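The following note sets out numbered points for a colleague who is new to this structure. Please read it beside the sequence and the model.

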Amino acid sequence: MTPVEAAGPDAILKIRDLRLHFPVKAGLLKKTVGYVKAVDGISFDVYAGETVGLVGESGSGKTTIGRCIVRLYKPTTGSMHFRTGAGLVDIAQLDKRELQPIRRDIQMLFQDPNSSLNARMRVGDIIAEPLEIHAIGTADERRARVEDLLEHVGLGAEMYNRYPHQLSGGQRQRVGVARALSIEPRLVICDEPVSALDVSVQAQVLNLLADLQEELGLTYVFIAHDLSVVEYISDRVMVMYLGKLMETAPTRKIFERPAHPYTEALLNSIPKRVRGGHRKRFVLTGDIPSPVNPPAGCVFHTRCQYAKDICKTETPPLRTLPKDPYTSVACHLVDELSLSPYYTAAERADLEPDRA
Amino acid sequence: MNKLGGSGGERRFSFFGVRKKNIESGIQDEYQLLTVRQLMIRKFLRNRMALLSFIALVIIYLVTLFAGFFAPYTARDADSKLTYSPPMTIRLQDPETGHFHLPFFYPLRGKRNMETFQLEYVEEREKRIPIQFFVKGEPYKALGIIAWDVHLFGSSDPEERLHIMGSDVRGRDLFSRIIYGGQVSLSVGIFGVLITIAVGSVIGTLSGYYGGVFDNVVQRVIETLRSFPQLPLWMALAAAIPPQWPPEWVYAGIVVVLAFINWTGLSREVRGLVLSLKERDYVHAAEASGASTARIVRKHLIPNMASHIIVTATLAVPVTILGESALSFLGIGVRPPMVSWGLLLNDAIKIQNIVLYPWTLFPGLFILVAVIAYNFLGDGLRDMVDPFSR
Ligand SMILES: Nc1ncnc2c1ncn2[C@@H]1O[C@H](COP(=O)(O)OP(=O)(O)OP(=O)(O)O)[C@@H](O)[C@H]1O
Ligand code: SF4
Ligand SMILES: [Mg+2]
């Protein structure tokens, strides 16, 4: 039994050909002159209990995907089937009222706790808000639950009456975690939850997220703009560029055998922590092109050092590798290229003997 | 096993520092000890001028609220013997003997100057009239309901009137009229701004939150209204108030006319605030949890906009007060028998009056003080808007 088959029935979210095109308006009459193709035909599954990392440069559309899943945005086209008690439900086009029960199951953890917590509300009221919205429990029960949650995220019940400005950055993000978890969601979209924090507290918050996942059986979609954070928390990684998926693979495989030139470039941008020979490094240069007019063919061809003529005209589809069913890559040259890994299997074994 | 390629159970990230689940309460300084409200009050108290202005305004409003008590006479109490009386001097010392007394004044006697034919007033030094506190005088209704006749101060002799700021063409006490006039002038500011807040914030919130056609139409209307110079527009609107209306209606009409332009400024400000606030992550978090629009407006937008609205409103009060004064001064504002500061100033509309009876400018001084105090107050409140900056 392969893991993919085993996981099949477990998928709690199946996204197919998701697109979100923001209209660009200009002129006095606000005519639509084009579209920002923030998410442009993306398909993937999320399995119950796993953590999927979603990685890409700034502007690649990660947040937009997250906001589609929690339905802050309505996708332009595509489907998002979410597993509920009544089976798979396509939440892509549901209206506000139909979404209400599903919102209990999907929550979002935001990047910057300074802007995701209302400065005029007390910590306790912030965490209790989702419970209040869904009218769960009496006021006393909600209070007890919030105090319990505060303990759980390592803050202590006496924080209930504090205001956000009275907390440190790490503590604020713990409040954010408590709020996201207060209505017991099954799926949590974590949008760069540690990138606004001090380096010294990033690990604490990541550990907290991992603990809570284990304890509550949560599923995470974990967004990050660099692979190093994702390495520790994700089971699988999806690499995206300009609104499209470039590669999806198990985390270890991404680091040991990247199959897409963009993945290789992202790996090369991480400072290397293990010794290793000098090798030709492919580093990203230039800016990500405008998502209003993405390059034809392979969207990455303007910055790809391996690009050939076919790359400029034909769009490579995301294909599962025949020799590796857990990996999908969108590159014409996937079989020809031999890309440099972040570390070899040997280096990895060296680094973490217990994992080998 | 549903984890793909994952490393399974043991995942401890200890690359930075020690793993620590319970962190200490982490309060670093007193700033963190204060609640949001306490921070705001602290900021306001730090601005001395604003505090002073606030106190001054409270006093002025109290005095006009209890006008009957603080004013020695009513606004219509005329005395044909003392027309255009200059301000009388309140004395403590007898200028001849040098003896000290409780406060008193000398009554004025009019004498026609046979060269200029002007009525000239001289003090009658023989008659020392003590000033009495809590003196019985003209009956009035305190707060418009309680009949009473005690005044804070006044002449002890009902036959000899005291005009500390002089009198007008019909011998009415200017000081009393200024206090009564303040009732109109200052309340026009408050009511005008209440309408401004109500209309401005509702329209501003709607156009900011929903945008679209409604917003487009509203913005064009506001641009059109604002492209007119303010005073002429006020004048045109005020002139449209039917002359046969009773004074109370005219008063209400003037309030509406003044609010008619002010709401545009507030509505723009609120719209801008809503546009920026609705993109804050805490609003997104509420939306993602399924909060209704009403809840978002109530719990997230209003608490974060309230202080901005209060500041803008405070700064709009003096504009309204000036507007009322200007209209009344020009004779198209409130109408007699109502009194307002602008209407009183109308006595000084002729240059020769200013030369002969300079005390007719006193109402202007009150307008000035009120306007300046409101501006300082607004400034102080502006500091409070962002209580988190130090
Ligand atoms: N509401 C919006 N209206 C129009 N364009 C948008 C909107 N939100 C995002 N975009 C555009 O869509 C593209 C993807 O944005 P998105 O925020 O999803 O990127 P991201 O991968 O999360 O980047 P970052 O790492 O900076 O958070 C960007 O080009 C952005 O400018
Ligand atoms: S398809 Fe071509 S341009 Fe695109 S990543 Fe592969 S080699 Fe580079
Ligand atoms: Mg983002």
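1. H301(A) touches P295(A), A296(A), A307(A), C311(A) and K312(A), with residues up to four places away in sequence left out; contact here means heavy atoms within 4.5 Å. H301(A) is placed in the loop between α11 (261-268) and α12 (309-313) of chain A. Helices (H or I, at least four residues) and strands (E, at least two) are DSSP runs, numbered from the N terminus. With a relative accessibility of 16%, H301(A) counts as buried. Buried means under 20% relative accessible area, exposed over 50%, and partly exposed in between, with a 1.4 Å probe and protein chains only.

2. On the basis of the coordinates: this is a predicted model, in which local features need pLDDT of at least 70 and side-chain atom pairs count only at pLDDT 80 or more, while totals for chains, interfaces and linings use all residues. Residues are numbered from 1 along each chain as its sequence is written, chains are lettered from A and ligands numbered from 1 in the order in which they are written, and side-chain values use heavy atoms, with hydrogens and water left out.

3. How many disulfides does the structure hold over all chains? The number is zero, where a disulfide is a pair of cysteine sulfur atoms within 2.5 Å.

4. P317(A) lies in the loop between α12 and β11 (319-321) of chain A. Its relative accessible area is 42%, so P317(A) is partly exposed. Beyond its neighbours within four places in sequence, P317(A) is in contact with V329(A), A330(A) and C331(A). The C-alpha atoms of P317(A) and C331(A) are separated by 7.4 Å, and these two residues are 14 residues apart along the chain.

5. S116(A) belongs to helix α4 (residues 113-116) of chain A. Is S116(A) buried or exposed? At 1% relative accessibility, S116(A) counts as buried. Its contacts, leaving aside neighbours within four places in sequence, are F110(A), R179(A), D281(B) and Y282(B). D281(B) and Y282(B) are among the buried residues of α8(B), together with V283(B), H284(B), A285(B), A286(B) and A288(B). Helix α8 (residues 281-288) of chain B is mostly covered, since seven of its eight residues are buried. After α8(B) comes G290(B), which has a positive phi near 95 degrees.

6. In chain A, helix α5 (residues 123-133) and helix α7 (residues 169-181) pack at an angle of about 30 degrees, and their axes are 7 Å apart. Axes are lines fitted to C-alpha atoms, for helices over the stretch in contact, and angles run from 0 to 180 degrees between N-to-C directions. α5(A) is therefore roughly parallel to α7(A); angles under 35 degrees count as roughly parallel, over 145 as roughly antiparallel, 65 to 115 as roughly perpendicular and the rest as oblique. The contact is formed by V123(A), I126(A), I127(A) and P130(A) of α5(A) with V175(A), A178(A) and R179(A) of α7(A). By class, the residues of this contact of α5(A) with α7(A) are six nonpolar, no polar and one charged. Ala, Val, Leu, Ile, Met, Phe, Trp, Tyr, Cys and Pro count as nonpolar, Asp, Glu, Lys and Arg as charged, and the others, Gly among them, as polar.

7. In chain B, helix α4 (residues 174-210) and helix α5 (residues 212-227) pack at about 130 degrees, with their axes 7 Å apart. This angle makes α4(B) oblique to α5(B). From α4(B), the contact uses I203(B), L206(B), S207(B) and Y210(B), and from α5(B), G212(B), F214(B), D215(B), V218(B) and Q219(B). The contact of α4(B) with α5(B) has five nonpolar, three polar and one charged residues.

8. Some backbone geometry deserves a check. Most residues other than glycine have a negative phi, and most peptide bonds are trans. D17(A), which is not a glycine, has a positive phi of about 50 degrees; D17(A) is in strand β1 (residues 11-26) of chain A and is partly exposed at 34% relative accessibility. E192(A) likewise has a positive phi, near 45 degrees. E192(A) is in the loop between β7 (187-191) and α8 (199-216) of chain A and counts as buried at 9% relative accessibility. In chain B, a cis peptide bond joins P336(B) and P337(B), with omega about 10 degrees. P337(B) lies in the loop between α9 (293-329) and α10 (341-345) of chain B.
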